[in-house]
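Here is a walk through one protein chain. Keep the sequence and the 3D view side by side.

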Amino acid sequence: GATLREVRLDGCVVDDLDLAGATVRDLTIADTRVGRLDLTGARCTDVDLRGLDALRLERLDGPDGLAGTTIDTGQLAVLAPALAAHLRITVT
């Protein structure tokens, strides 16, 4: 239930970024590695995740919380399996 406003994470290593249930506005992540990202029930507005090293993201919880975020095409490719599983899409 936390509220984050106007936060920038730049050049960080975060084992567990728990934003579950949070209201997040104007968050920018730049050149940052996160092991686990929990967005379960998060409400995001103007959240820029393009600086998140998605190749090192070991776990994404609550992919529906990605609504309101901006990611790049490389991150989309890495996150595609989690998004497909969340939406119950079978990819063969």
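Lys and Arg count as positive here, and Asp and Glu as negative; His and the chain ends are left out. The place of a charge is taken as NZ of Lys, CZ of Arg, CG of Asp or CD of Glu. On that basis the chain carries 10 positive and 15 negative charges. Their mean positions lie 3 Å apart. The model behind these values is predicted.

Now the fold. The chain has eight strands and one helix. Along the sequence the order is β-β-β-β-β-β-β-β-α. The radius of gyration is 12 Å, close to the 12 Å from the globule rule for 92 residues, so the chain is as compact as a globular protein of that length. Along the principal axes, the C-alpha atoms fill a box of roughly 40 × 25 × 20 Å.

Contacts come next. Take those between residues at least 6 apart in sequence: 8% of them join residues at least 24 apart.

Then the surface and the interior. The chain exposes about 5,500 Å², and carbon and sulfur atoms supply 50% of that area. Of the 92 residues, 37% are buried.

The largest nonpolar core holds 20 residues. Leu 17, Leu 19, Leu 37 and Leu 39 have the most contacts inside this core. Strands E2 (13-18), E3 (23-30) and E4 (33-38) each give two or more residues to the core. E3 gives the most, with three.

Finally, zoom in on Leu 37. What does Leu 37 touch, not counting residues up to four places away in sequence? Its partners are Leu 17, Leu 19, Leu 52, Leu 57, Arg 59, Leu 60 and Asp 61.

How values were computed: Residues numbered from 1 in each chain as written. Predicted model: local features only at pLDDT ≥ 70, side-chain atom pairs only at ≥ 80, totals over all residues. Heavy atoms only, no water. Helix = DSSP H or I, 4+ residues; strand = E, 2+ residues; numbered from the N terminus. Rg over C-alpha atoms; globule rule 2.2 N^0.38 Å. Buried < 20%, exposed > 50% of the residue type's maximum accessible area, 1.4 Å probe, protein only. Contact = heavy atoms within 4.5 Å. Areas by Shrake-Rupley, 256 points an atom, 1.4 Å probe, with all protein chains shown as cover. Core = buried A, V, L, I, M, F, W, Y, C linked by side-chain atoms within 4.5 Å.
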